[in-house]
Amino acid sequence: MSANNNSWFHCGRCGSLFQSHFGESDDRLCPSCGCNPSIGTEAPAPQPLAAASSIPVSLPEPHSRKKASVRPRKGSHFMVYIMLGWIALLVAIVFAARHFWGDNTPETPILTAAAAKALVPPKDLALLTNSAPERSAALTGFLTAGNPENRNQFVSSPITTAARMARFYGMNPMPDIDPATLAMRASSVVMIPGKTAIESQLDSADGRLFDVAFLRENDEWKIDWDHFVRYSETPWPLFLSGSGDAEAEFRLLVRERLAEERKDADTLSLVFYAPRFGYANETGLQSPEFIIPRESRDGRLLEAAFALQKSGDRVFGSKLPDLNPEGLVRVRVKIRRSEVDKTRRFELTEIIACHWYSDDHPGVEPVVTHALDKTKEP
């Protein structure tokens with residue numbers, strides 16, 4: 001820039017003289033104060049770079065960014081309100097339930113699994129634990145066996161049982177049970193005289209319930225097949241309809257009719273029912289009424305069995321819950337059918353046992369009646 005084109009100017013702010021190119025616009029700045037030399041217009045004073053970089057500057061955000069920063073905060077408050085509302089609702093429900101139903105909290109604590117195990121004698125607990133894999137394998141093998149010959153190896157007393165199995169399945173279908181759908185409910189040692197036995201209750205995924213007794217034979221666990229299928233020599237409905245042998249052995253359920261009303265009577269009024277395989281709380285076909293003397297052996301055995309059932313105990317010391325419908329007792333009986341003047345009649349020949357296990361022990365001790373007590377008096 002040549003000196004001929006420069007002129008001297010007077011700053012209206014600080015009064016300094018400075019030289020600038022002639023003809024520039026009015027936005028020239030005074031080199032001394034940094035302001036526009038014209039009076040009335042003020043330029044911002046420049047800031048040193050170091051100072052500007054050391055001071056945090058908060059710039060106003062665009063309108064859209066302000067909205068974005070506010071929305072999450074509103075959403076978080078909304079979720080907090082929802083959670084508080086749910087908590088208040090749950091508290092109200094619990095309070096209302098306790099007020100409506102009352103406080104049914106038991107006075108004693110719930111029995112834990114460890115405490116339940118503590119009630120089982122150590123010897124029985126060891127037997128149940130150690131035998132579980134073998135018993136499971138025996139039941140699985142029986143249910144998946146493709147023919148009678150293969151099934152025989154999993155049942156107790158296979159030589160004598162094979163004939164009954166063939167006869168039974170000739171008149172009854174083989175149950176369709178998938179072992180993979182079974183879940184163990186409970187097991188208990190059963191103290192059958194002279195035998196080592198365990199009974200297990202299992203739930204099926206389709207709602208059925210099974211109880212299986214296992215007997216220890218030749219160091220192997222075998223299925224008590226007669227107990228498992230509720231073996232009867234002939235189907236109960238056919239027998240009642242007049243078909244088949246005139247006398248047969250059955251595994252049935254029995255109920256005493258009008259027990260309270262007839263408690264002082266000399267006879268028992270009985271009705272027998274066929275059990276439903278896999279449905280312990282249901283019964284099959286009902287028999288006509290049977291009348292037997294209360295003081296007979298059969299009458300005293302049945303009275304003992306009904307008393308045991310009412311007490312909540314089971315035969316042979318089993319700790320499993322009773323699966324039978326209320327008031328019904330398991331029995332193994334012989335019944336005879338006859339026809340007199342074209343009228344079909346049924347007679348109880350013998351109460352073999354008050355259980356379904358493959359054992360002839362009655363399971364209970366006959367009740368001693370008052371009449372029998374008098375005969376023993378001197």
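The largest cavity is lined by 16 residues, and R314, V315, N324, R330 and C354 are the ones nearest its centre. This is a predicted model. It holds three cavities of 30 Å³ or more.

**Largest cavity**
- The volume of the largest cavity is about 210 Å³.
- Two elements, α9 (297-311) and β11 (329-340), each supply at least two residues of the lining.
- The largest share comes from α9, with three residues.
- Eight lining residues are nonpolar, four are polar and four are charged.

**Second largest cavity**
- The second largest cavity contains about 110 Å³ of space.
- Its lining has 16 residues, with D211, R230, R276, A280 and W356 nearest the centre.
- Strand β5 (residues 209-217) gives the largest share of this lining, three residues.
- Nine nonpolar, two polar and five charged residues make up the lining.

**Second largest pocket**
- About 450 Å³ of space lies in the second largest pocket.
- Its lining counts 20 residues, and nearest the centre are F168, N172, V229, P275 and F277.
- Helices α6 (158-171) and α8 (236-241) and strands β7 (247-256) and β8 (267-275) each give two or more residues to this lining.
- The most come from β7, with three residues.
- By class, 14 residues of the pocket lining are nonpolar, three are polar and three are charged.

Methods. Residues are numbered from 1 along each chain as its sequence is written. This is a predicted model: local features need pLDDT of at least 70, side-chain atom pairs count only at pLDDT 80 or more; totals for chains, interfaces and linings use all residues. Side-chain values use heavy atoms; hydrogens and water are left out. On a 1 Å grid over the protein atoms alone, a cavity is a set of points where a 1.4 Å probe fits but cannot get out, and a pocket is an open set with protein on both sides within 12 Å along at least five of seven lines; lining residues have an atom within 4 Å of a point. Grid points are joined across faces, edges and corners, and a volume is the space filled by probe spheres set on the points. Helices (H or I, at least four residues) and strands (E, at least two) are DSSP runs, numbered from the N terminus. Ala, Val, Leu, Ile, Met, Phe, Trp, Tyr, Cys and Pro count as nonpolar, Asp, Glu, Lys and Arg as charged, and the others, Gly among them, as polar.
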